[in-house]
Amino acid sequence: MEQERIPGELAASVLPGLRSYYRDITEKLNTVGHERALQVFLIIVLAHWAEHLVQAYQIYVMGWPIPESRGVLGYWFPWMVSSEILHYGYALVMLIGLWLLRTGFSGSSYTWWMISLWIQFWHHIEHALLQGQAIIGENLANSPVPMSLAQFVIPRVELHLIYNTLVFIPMIIGMYKHMFPPAGEEAHTRCTCAVRLKPSVT
Ligand SMILES: [Zn+2]
């Protein structure tokens, strides 16, 4: 009887701590730390984009076979591209970033940011599906490679260029509107991202 109560008590003592830790972190990330956090997030997103664009260049311009077109890092470390876990990991990092940094946005920039978040949520489900097939060792429709749902209609390389574009465009619009808030939306900003709120140097 004593032992049965322990997990519950442990959860009761740990959870409030974790919750207030999460609240502190997200509060900082969306106020004083929002500008820097968005910069770091953008660098990660752009680096990932660069890899996809190099891969597209290798396929369409250089005419390399798809399995050998692995971007820059994948050229030296082929396992980075062939391992589903890294693709899934990136999709998850992206989803978590969009989630953690969302409350710093307001008004129309928030709407655009959330559109990006929901599209990335679906993109991440697709990667979870790919990851699941890699773990189980069996692929949807007995395909020789792991398949995501939209992949039945659009080939994988093109599909992920499309997904990344669909996530990227609303994300950038959201960031832009956050930096240059439309009239009436500045008042809700709690961070230093808005360009007009900074002391003018000139
Ligand atoms: Zn901000």
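User: Where is S83, and why is S83 called partly exposed?

Analyst: This is a predicted model, and in it S83 sits in the loop between α4 (79–82) and α5. S83 has 14 C-beta neighbours inside 10 Å; a residue is buried at 20 or more and exposed at 12 or fewer, so S83 counts as partly exposed.

User: What makes H127 buried or exposed, and which residues does H127 touch?

Analyst: H127, which belongs to helix α6, has 24 other C-beta atoms within 10 Å, and because 20 or more are required, H127 is buried. Leaving aside residues up to four places away in sequence, H127 touches H87, Y88 and A91. Between H127 and C191, 64 residues apart in sequence, the C-alpha to C-alpha distance is 33 Å.

User: Why are α5 and α6 called roughly antiparallel?

Analyst: The two helices pack at an angle of about 155°, with their axes 9 Å apart. Angles over 145 degrees count as roughly antiparallel, and α5 and α6 are therefore placed in that class. On the α5 side, the contact includes Y88, A91, L95 and L98, and on the α6 side it includes L117, Q120, H124 and H127. The crossing of this pair is left-handed.

User: How do you know that α6 and α7 are roughly antiparallel, and which residues meet there?

Analyst: The packing angle of α6 and α7 is about 160°, and their axes are 7 Å apart. Since the threshold is an angle over 145 degrees, the two helices are therefore roughly antiparallel to each other. Among the α6 residues that meet α7 are W112, W113, S116 and H123, and among their α7 counterparts are Y163, V167, M171 and G174. The crossing of α6 and α7 is left-handed.

User: What makes α2 and α7 roughly antiparallel?

Analyst: Here the angle is about 150°, with the axes 11 Å apart; that value is set against the limit of 145 degrees, and α2 and α7 are therefore roughly antiparallel to each other. The contact is made by L38, V45, W49, H52, Q55, A56 and I59 of α2 together with V157, H160, L161, N164, F168 and M175 of α7. The crossing of α2 and α7 is left-handed.

User: How do you know that the length of helix α7 agrees with its number of residues?

Analyst: At 1.5 Å a residue, the 24 residues of α7 (residues 156–179) should span 34 Å, and the end C-alpha atoms are 34 Å apart, which agrees. For α2, with 27 residues, the distance from first to last C-alpha is 38 Å, close to the 39 Å expected at 1.5 Å a residue.

User: Which residues of α7 are buried, and what do the buried residues pack against?

Analyst: The buried residues of α7 are H160, Y163, N164, V167, M171, G174, M175, K177 and H178, and they pack against α2 (34–60) and α6 (107–136). In α2, the buried residues include H34, L38, F41 and V45.

User: How many residues has the largest nonpolar core, and which have the most contacts inside it?

Analyst: The largest nonpolar core has 19 residues, and those with the most contacts inside it are L38, F41, L98, L101, W113, V167 and M171. At least two residues of this core come from each of α2, α5 (84–100), α6 and α7. W113 touches R102, F105, M171 and G174, not counting residues up to four places away in sequence.

User: What is the phi of A141, and why is A141 called buried or exposed?

Analyst: A141 has a positive phi of about 55° although it is not a glycine, and A141 lies in the loop between α6 and α7. With 6 other C-beta atoms within 10 Å, against a limit of 12 or fewer for exposure, A141 is exposed.

User: What makes N142 buried or exposed?

Analyst: N142 has 7 other C-beta atoms within 10 Å, and because 12 or fewer counts as exposed, N142 is exposed. N142 is found in the loop between α6 and α7, and its phi is near 55°, a positive value in a residue other than glycine.

Conventions: Residues are numbered from 1 along each chain as its sequence is written. This is a predicted model: local features need pLDDT of at least 70, side-chain atom pairs count only at pLDDT 80 or more; totals for chains, interfaces and linings use all residues. Helices (H or I, at least four residues) and strands (E, at least two) are DSSP runs, numbered from the N terminus. The expected span of a helix is 1.5 Å times one less than its number of residues. Two residues are in contact if their C-beta atoms, placed from the backbone, lie within 7 Å. A nonpolar core is a set of buried Ala, Val, Leu, Ile, Met, Phe, Trp, Tyr and Cys residues joined through C-beta atoms within 7 Å. Axes are lines fitted to C-alpha atoms, for helices over the stretch in contact, and angles run from 0 to 180 degrees between N-to-C directions. Angles under 35 degrees count as roughly parallel, over 145 as roughly antiparallel, 65 to 115 as roughly perpendicular and the rest as oblique. A crossing is left-handed if the near helix is turned anticlockwise from the far one by less than a right angle, and right-handed if clockwise.
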